[in-house]
Amino acid sequence: MAETSRKGSFTGRHMVGIMIVGFGIVIAVNFYMASLAVGGFHGVVVENSYVASQKFNGWMENAEASRALGWEAQASRDNAGFVVVSAKDVPAGADMKAELRRPLGDHEFASLTFEDLGNGVYRSSQPVDEGRWTMRLFIDAGGKHWAEESELK
């Protein structure tokens, strides 16, 4: 007589159970990772990618014009939380502004104006909260415009 069922043998029901548990884990992890990704995304970079693509060459020309000026600026935060910019080859009396945004996490933005302390050093008129920021710095002097984006830690 052939034995059709043995105690402890692997059956189709076992395989179905393993497949359901395995795929359940994969689906749960995917939903969790998707929720983290959506929670850290703060919207679109540009409203209309076609329009942005049409402006790209102009943006590149502006960047090249800024580079051609030869101006340099290094930003840091002092102990009191103010942003201090050390500028090189920037004409005296230049107008300096900055726009800050958090690259991740909270939707936080800040606009800064700077005071000229002399010797190419500029200090923001207000302190900035601690943490990581993306800073877009603008310098205008003598009808010339310079802009650069950098990370402010």
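Two strands pair if DSSP finds at least two bridges between them. Strands are DSSP runs of E, at least two residues long, and helices are runs of H or I, at least four, both numbered from the N terminus.

The model is predicted: local features need pLDDT of at least 70, side-chain atom pairs count only at pLDDT 80 or more, and totals for chains, interfaces and linings use all residues. Residues are numbered from 1 along each chain as its sequence is written, and side-chain values use heavy atoms, without hydrogens and water.

**Exercise 1.** Find how many bridges join β2 to β5, and state their direction.

*Solution.* 
- Locate β2 at residues 82–88 and β5 at residues 121–127.
- Count the bridges: 4.
- Read the direction: antiparallel.

**Exercise 2.** Give the strand order of the open sheet and name its edge strands.

*Solution.* 
- Write out the 7 strands: β1-β2-β5-β4-β3-β6-β7, with antiparallel pairing.

**Exercise 3.** Describe the lining of the second largest pocket.

A pocket is an open set of points on a 1 Å grid over the protein atoms alone, where a 1.4 Å probe fits, with protein on both sides within 12 Å along at least five of seven lines; lining residues have an atom within 4 Å of a point.

*Solution.* 
- 16 residues line the second largest pocket; N62, A63, S66, R136 and A147 are the closest to its centre.
- Assign elements: α2 (49–69), β6 (133–141) and β7 each give two or more residues.
- Find the largest share: α2, with 7 residues.
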